[in-house]
Amino acid sequence: MPNHVAYRETIESVTALVADHGLSEDLLVPSCPGWTVRDLVGHLVGICSFAVGMRSAWAEAEQSSADMDLAGLLAEWTRMGEQAARVLEAGGDRRGSLMVMDAFTHELDLRYAAGAPLPSDHPAFTRAFEVVLNGFSAEVVAHGLPAVLVEVDGREWQAGDGEPVATLSGDRYDIYRSLAGRRTHEQITRLGWSRDSHRWLPAFTWGPFSPPVHAVENVVAVS
């Protein structure tokens with residue numbers, strides 16, 4: 001799925017999620033400590049504005065956005081999303097993949113906060129998964145750890161360099177949320193590891209992500 005399509009469809013999915021579940025803008029999002037639904041959507045609007053080259057315009061409008069309600073923010077994201085999609089279609093793949101990952105990760109944050117079902121399929125999943133896996137893989141290398149084979153939905157990815165010495169498998173969302181800093185170390189150890197997992201736990205802290213001290217959401221399945 002091209003990044004610009006995956007990003008646009010994520011905007012539509014988040015907008016439908018808010019409408020279908022009647023989410024209050026003041027609802028707290030446990031996986032983003034201190035954030036409400038409105039804060040999360042405001043973040044997505046801000047990221048989108050950077051993509052379309054509106055840094056100064058958004059900075060100037062940021063104060064007035066305090067008076068913008070959730071519906072207004074979603075409308076603004078939809079409007080700018082069309083421009084962002086054109087930028088992503090014509091631009092570099094890395095920036096697009098990062099934007100898709102960010103938007104998809106926060107859609108899942110909203111779903112957990114609302115108690116909404118996780119999508120059985122999502123156009124953004126594969127792109128987003130590859131971004132978080134690459135982040136984890138870089139930390140495996142940086143910590144001098146042996147490679148891990150990651151198995152999800154019958155597919156295999158390698159994290160780290162050299163011959164894998166362990167396998168990590170499980171539900172797609174358990175693996176994804178672990179790689180995106182939404183699962184505790186204890187929850188990560190309960191996934192489908194072929195051997196003791198503790199040596200790899202430091203690699204789950206990378207970039208903006210770090211496992212929470214206390215659980216913010218339940219695992220989907222326990223091996």
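The lining of the largest pocket in this predicted model has 9 nonpolar, 6 polar and 2 charged residues. The second largest pocket is lined by 5 nonpolar, 2 polar and 5 charged residues. Helix 5 gives the largest share of the lining in the largest pocket and the most in the second largest pocket.

**Largest pocket**

- The volume of the largest pocket is about 290 Å³.
- Its lining is made up of 17 residues.
- Ser 31, Cys 32, Arg 182, Pro 208 and Phe 209 are the lining residues that lie nearest the centre of the largest pocket.
- Helix 5 supplies 4 residues to this lining.

**Second largest pocket**

- The second largest pocket holds about 250 Å³ of space.
- Its lining includes Asp 93, Arg 94, Ser 97, Leu 98, Met 101 and Asp 102, and also Arg 127, Glu 130, Val 131 and Asn 134.
- Trp 206 and Pro 208 line the second largest pocket as well.
- Helix 5 and helix 6 are the elements that give two or more residues to this lining.
- The contribution of helix 5 is 6 residues.

**Packing of helix 5 and helix 6**

- Helix 5 covers residues 93-114, and helix 6 covers residues 125-142.
- The two helices pack at an angle of about 100°, and their axes are 8 Å apart.
- Angles of 65 to 115 degrees count as roughly perpendicular, so helix 5 is roughly perpendicular to helix 6.
- On the helix 5 side, the contact involves Asp 93, Ser 97, Leu 98, Val 100, Met 101 and Phe 104.
- These residues meet Phe 125, Arg 127, Ala 128, Val 131 and Val 132 of helix 6.
- By class, this contact has 8 nonpolar, 1 polar and 2 charged residues.

Methods:
Residues are numbered from 1 along each chain as its sequence is written. This is a predicted model: local features need pLDDT of at least 70, side-chain atom pairs count only at pLDDT 80 or more; totals for chains, interfaces and linings use all residues. Side-chain values use heavy atoms; hydrogens and water are left out. Axes are lines fitted to C-alpha atoms, for helices over the stretch in contact, and angles run from 0 to 180 degrees between N-to-C directions. Angles under 35 degrees count as roughly parallel, over 145 as roughly antiparallel, 65 to 115 as roughly perpendicular and the rest as oblique. Contact means heavy atoms within 4.5 Å. Ala, Val, Leu, Ile, Met, Phe, Trp, Tyr, Cys and Pro count as nonpolar, Asp, Glu, Lys and Arg as charged, and the others, Gly among them, as polar. On a 1 Å grid over the protein atoms alone, a cavity is a set of points where a 1.4 Å probe fits but cannot get out, and a pocket is an open set with protein on both sides within 12 Å along at least five of seven lines; lining residues have an atom within 4 Å of a point. Grid points are joined across faces, edges and corners, and a volume is the space filled by probe spheres set on the points.
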